[in-house]
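User: Could you walk me through how to read a few features of a model? I'd like the general idea each time, then the case at hand.

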Amino acid sequence: MSFYRYFIFLTVVASCAFATPEIKILTHSPSINKGGSALVIFKASGNPIKELYIETSSKKQFQVAPFVKEGYFIGLIAWPFKVNSFEAHIIAIDDKGERSQRMIPFVVKNRRYRVQRIKFAKRLKQNVAQFSENFEELQKLSHATLQLQKMATVMKSRDDQRISKVTSEVLEHQIDRFEISPFWPVKDVKIVDTFGSKVYFYGNNRRLAHYNHLGIDFVAAKGADIKASVAGKVVFAEFNGLYGNQLILSHGLGIYTAYANCSKLLVKKDSEVKKGDIVAKVGQSGFAAFPHLHFSVHVQGVAVRPREWMDRHWIEKNIYAVMERAQKELK
C-alpha cells in the first residue's frame, strides 16, 4: 500500500472513530407563532445516542419521543410568549460525548399581546378581601393594596410554577399515531380575556401591580358542564391558590389542558377520561370576579396559545399534516 493510500485509510478510520451523531429532519410545522406551538419529526443515527432533545433560544429543553421506527423521533415544542426571539435546535450527544445539532427551519412569526388596565375600585377590593380570608399570609397584610401586590407576584408565581411542574413530563413510549380534536370545554359561551395579555392594576393614579394572563376566560353560568374535548389522564385535581379548584389533563406528546376556578371537580388524579366526559363544573373559586372557566394549554411546562389548539385548521396543518408526511416517507 502506498504512503498516500495508507494516509487516506488512517484518515477514514479516524473520522469514523470520532464521527458525531447524524441528524436528519424529515418534516416539521411550517411556522411557529410567538406564544405558540410547533411539531418536528427527525432521524438521529450514529453511535448510541446518550442524550437527545430540542433546545430553544431561551435554553428551554424539550423532550422527544420515539416515532414509528427505530431511530426516528417526534417532538412538540413551544415559544414562550414573553421571549422576543426564537430558534430551535435538535441536540444529539452520543455515548462518547460527541455532540451534533441541527436548527429546525421554522418560519418565525412574532405577534403582539393585549395590554389591560384595570382600576382597583370597590368591587375588586371586595374580591381581594374575600379571597384573602382563606390565606393567613394575606391576612397579615394591613391593606388591600399590599394583598393585591402579593397575590399578583408571590402567589401567582407559586401557582404558575406548580402548573409548570405538573405539565413538564413527556411519556417516552413510541408514538405511532396521535389523535387530538379542537379544545372547546364549554359550549355557547363568550370569551372575555385572552392568552398572553398583561394586566395592570391602577389606583390613586399609580400602577399597583401586574401579572400575565396565561389562558383564556370563558364566561358561563355557575354549574355549567366542563367536558373533556380529548381523552386524557388526570394529573392534577385539587385547589391551587388563585386558580381555585383546578383540573389538569395530559393528552400525550407533552400537551396538557388545565381548567381553573371550577365549582366542582368530578374526576380524581390518575383516572382516565374519555372524549365528551364531564370532568368539572364552572364556578368562581380562587380569585375570580364572576363565574367563568379559566382554560389554558401547556406544552412541556410552557403555557401556549389555546386558540391554536381550538382551531381545527391549525391542528390539521401543523400536527396531522406533519405526521402524515413523515409516515408516508417511512413506509
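Predicted model: local features only at pLDDT ≥ 70, side-chain atom pairs only at ≥ 80, totals over all residues.

User: How many salt bridges does the count come to?

Analyst: Residues are numbered from 1 along each chain as its sequence is written, and side-chain values use heavy atoms, leaving out hydrogens and water. A salt bridge is a side-chain nitrogen of Lys or Arg within 4 Å of a carboxyl oxygen of Asp or Glu. By this rule the count is eight.

User: Which residues are linked in a network of salt bridges?

Analyst: The network links E137, K150 and R158. E137 meets K150 at 3.6 Å, N to O. E137 lies in helix α3 (residues 136-139) and K150 in helix α4, so this pair ties together parts 13 residues apart in sequence. Helices are DSSP runs of H or I with at least four residues, and strands are runs of E with at least two, numbered from the N terminus. E137 also bridges to R158, with the closest N and O atoms 2.8 Å apart; here the tied parts are 21 residues apart in sequence.

User: What is the nearest side chain of opposite charge to D193?

Analyst: For charge, Lys and Arg count as positive and Asp and Glu as negative, with His and the chain ends not counted. For D193 the answer is R114, 4.0 Å away, yet the buried D193 has no salt bridge. D193 sits in strand β12 (residues 190-193). Its side chain makes polar contacts with the side chains of Q116 (2.6 Å) and S197 (3.3 Å). A polar contact is a pair of N or O atoms within 3.5 Å; within protein, one must be able to donate a hydrogen and the other to accept it, and residues adjacent in sequence count only if both atoms are side-chain atoms.

Key
Buried < 20%, exposed > 50% of the residue type's maximum accessible area, 1.4 Å probe, protein only.
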